[in-house]
Amino acid sequence: MMMKNCMDINECERDPLLCRGGICMNTDGSFECICPPGHELTAEGNTCIDINECSLSDNLCRNGRCVNVIGTYQCSCDSGFQATPDRQGCVGECSSKGSFQSLGVSSSQRWMILLCTATPNIDECEDNPEICDGGQCTNIPGEYRCLCFDGFMASLDMKTCIDVNECDLNPNICLHGECENTKGSFICHCQLGYFVKKGTTGCTDIDECEIGAHNCDMHASCINVPGSFKCKCRSGWLGDGLKCNDLDECATEEHKCNLNANCVNTPGSYRCACRDGFNGDGFSCSDVDECADNVNLCENGQCLNAPGGYRCECEMGFNPTEDSKASMVGTIPSPFQIPSSPTCPQPAPCAKPTQPSCQAYPHTTCALLHLCPLL
Ligand SMILES: [Ca+2]
Ligand SMILES: [Ca+2]
Ligand SMILES: [Ca+2]
Ligand SMILES: [Ca+2]
């Protein structure tokens with residue numbers, strides 16, 4: 001029997017195109033293709049082809065677009081992100097104080113894990129409580145911010161609070177006063193007659209009349225005006241308001257009394273009183289009709305009413321009294337005489353007892369007539 005000697009065939013030598021894209025390794029009875037990283041063998045096992053990592057996994061290149069290249073892939077990063085050093089990941093930009101730090105590579109997913117590590121955080125707010133003078137300090141990684149109170153405004157970098165100068169900002173903020181800027185606020189120094197009312201800004205007029213801070217005369221009216229007050233004497237009084245004197249309406253003829261009334265001056269006013277013979281309130285006075293009121297007024301005569309009085313028209317043989325208010329027995333011819341006195345003295349004895357003694361007429365308004373014989 002003939003023994004055939006079997007010789008291994010070196011396929012790699014025989015076919016240089018074998019394992020294209022990789023390295024051909026001859027083995028006993030066969031060969032093996034060794035592909036470089038990022039490549040895989042075709043189903044026939046004789047060619048290395050590039051792996052399209054982008055199509056294999058959707059998880060590559062977050063925040064970017066996966067681009068397949070021979071043997072590997074790279075990330076084209078979205079704006080705002082930057083590629084990792086191996087260009088197989090996208091990370092956000094670190095703040096100025098941070099830096100990238102590689103934490104290693106995940107072999108299964110081929111991600112380089114990068115962390116943005118800030119410099120050690122300092123709490124500026126705690127270290128310097130006065131750092132936001134006029135505001136509230138808020139610590140944030142790497143720095144701090146000031147939230148400013150009312151009356152302050154934050155600087156551009158928000159690292160300090162600056163007092164607002166209200167006086168410059170609003171020149172009318174202290175109308176009727178002087179504005180003084182203070183840290184976090186302002187003060188109004190009000191002019192005389194003004195004050196700072198609680199709950200308001202600026203200067204408010206003082207109502208001197210309402211609070212009794214005036215020196216008007218007690219017979220004057222107080223009138224509040226901006227910044228001051230005025231005094232005005234009430235009607236019936238004369239003066240500058242600080243001092244008011246009674247107006248004598250009777251003397252100055254400023255009264256409204258009736259022509260048949262008497263004017264009586266009073267403090268702040270006047271009274272009118274109808275004269276005798278008139279009735280009324282003084283402003284209107286009407287004549288009293290004495291004849292109608294008393295029918296017996298003119299004994300031995302005819303009563304005639306007259307404005308403010310009356311007259312007696314005497315009957316024959318009677319004469320009117322001097323004031324014409326009564327009639328009396330007419331002048332007796334000599335030897336009688338009529339005394340001039342209208343009052344009635346005690347009847348006096350006559351010189352001659354044979355003659356009638358003196359006789360008085362008892363009527364009150366009647367004149368006395370002495371009937372004495374002449375000697
Ligand atoms: Ca201020
Ligand atoms: Ca006032
Ligand atoms: Ca008066
Ligand atoms: Ca009369």
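In this predicted model, the charged end of Lys159 sits over the ring of Tyr144, 5.4 Å from the ring centre. A charge sits over a ring if NZ of Lys or CZ of Arg is within 6 Å of the ring centre and within 35 degrees of the ring normal. Lys159 is partly exposed, at 23% relative accessibility. Here buried stands for under 20% relative accessible area, exposed for over 50%, and partly exposed for values in between (1.4 Å probe, protein chains only).

Lys159 also forms a salt bridge with Glu143, with the closest N and O atoms 2.9 Å apart. This pair links distant parts of the chain: Glu143 is in strand β12 (residues 143-148), and Lys159 is in the loop between β13 (152-154) and β14 (161-163), 16 residues away. A salt bridge requires a side-chain nitrogen of Lys or Arg within 4 Å of a carboxyl oxygen of Asp or Glu. Helices (H or I, at least four residues) and strands (E, at least two) are DSSP runs, numbered from the N terminus. Glu143 meets the side chain of Arg145 in a salt bridge as well, at 3.5 Å from N to O. Arg145 is partly exposed at 29% relative accessibility. Glu143 is partly exposed at 27%.

The whole structure holds 4 salt bridges. One of them joins the side chains of Asp133 and Lys183, 2.7 Å from N to O. Asp133 lies in the loop between α3 (124-127) and β11 (135-140), and Lys183 in the loop between β15 (177-182) and β16 (185-190), so the pair ties together parts that are 50 residues apart in sequence. Lys183 is exposed, with a relative accessible area of 59%. Asp133 is partly exposed at 34%.

Calcium sites come next. Donors are N, O and S atoms within 2.8 Å of the metal (3.2 Å for Na, K and Ca); water is not among the atoms, so sites may look incomplete. The calcium ion (ligand 1) has protein donors at 2.3 to 3.0 Å: Asp163 (OD), Asp163 (OD), Val164 (O), Glu166 (OE), Asn181 (OD1), Thr182 (O) and Ser185 (O). Along the chain, these donors follow the spacing D-V-x1-E-x14-N-T-x2-S. Val164 is buried, at 17% relative accessible area.

The calcium ion (ligand 3) is coordinated at 2.2 to 2.9 Å by Asp246 (OD), Asp246 (OD), Leu247 (O), Glu249 (OE), Asn265 (OD1), Thr266 (O) and Ser269 (O). The spacing of its donors is D-L-x1-E-x15-N-T-x2-S. Asn265 is partly exposed, at 31% relative accessibility.

For the calcium ion (ligand 4), the coordinating atoms are Asp287 (OD), Asp287 (OD), Val288 (O), Glu290 (OE), Asn305 (OD1), Ala306 (O) and Gly309 (O), at 2.2 to 2.9 Å. Their spacing reads D-V-x1-E-x14-N-A-x2-G. Val288 is buried, with a relative accessible area of 17%. Glu290 is buried too, at 14%.

Gly308 lies in the loop between β27 (301-306) and β28 (309-314). Not counting residues up to four places away in sequence, Gly308 touches Asp276, Gly277, Phe278, Asp287 and Glu290. Contact means heavy atoms within 4.5 Å. The C-alpha atoms of Gly308 and Asn260 are separated by 8.2 Å, although the two residues are 48 apart along the chain. Gly308 is partly exposed, at 28% relative accessibility.

The count of aromatic pairs comes to 1. The rings of Tyr270 and Phe283 have centres 6.3 Å apart and planes at 65 degrees, so the pair is edge-to-face. Rings of Phe, Tyr and Trp (its six-membered ring) pair if their centres lie within 6.5 Å; planes under 30 degrees apart count as stacked, over 60 as edge-to-face and the rest as tilted. Tyr270 is buried at 17%. Phe283 is partly exposed at 41%.

Overall, the protein chain comprises 6 helices and 30 strands. Of its 375 residues, 27% count as buried.

Residues are numbered from 1 along each chain as its sequence is written, while chains are lettered from A and ligands numbered from 1 in the order in which they are written. Local features need pLDDT of at least 70, side-chain atom pairs count only at pLDDT 80 or more, and totals for chains, interfaces and linings use all residues, while side-chain values use heavy atoms, with hydrogens and water left out.
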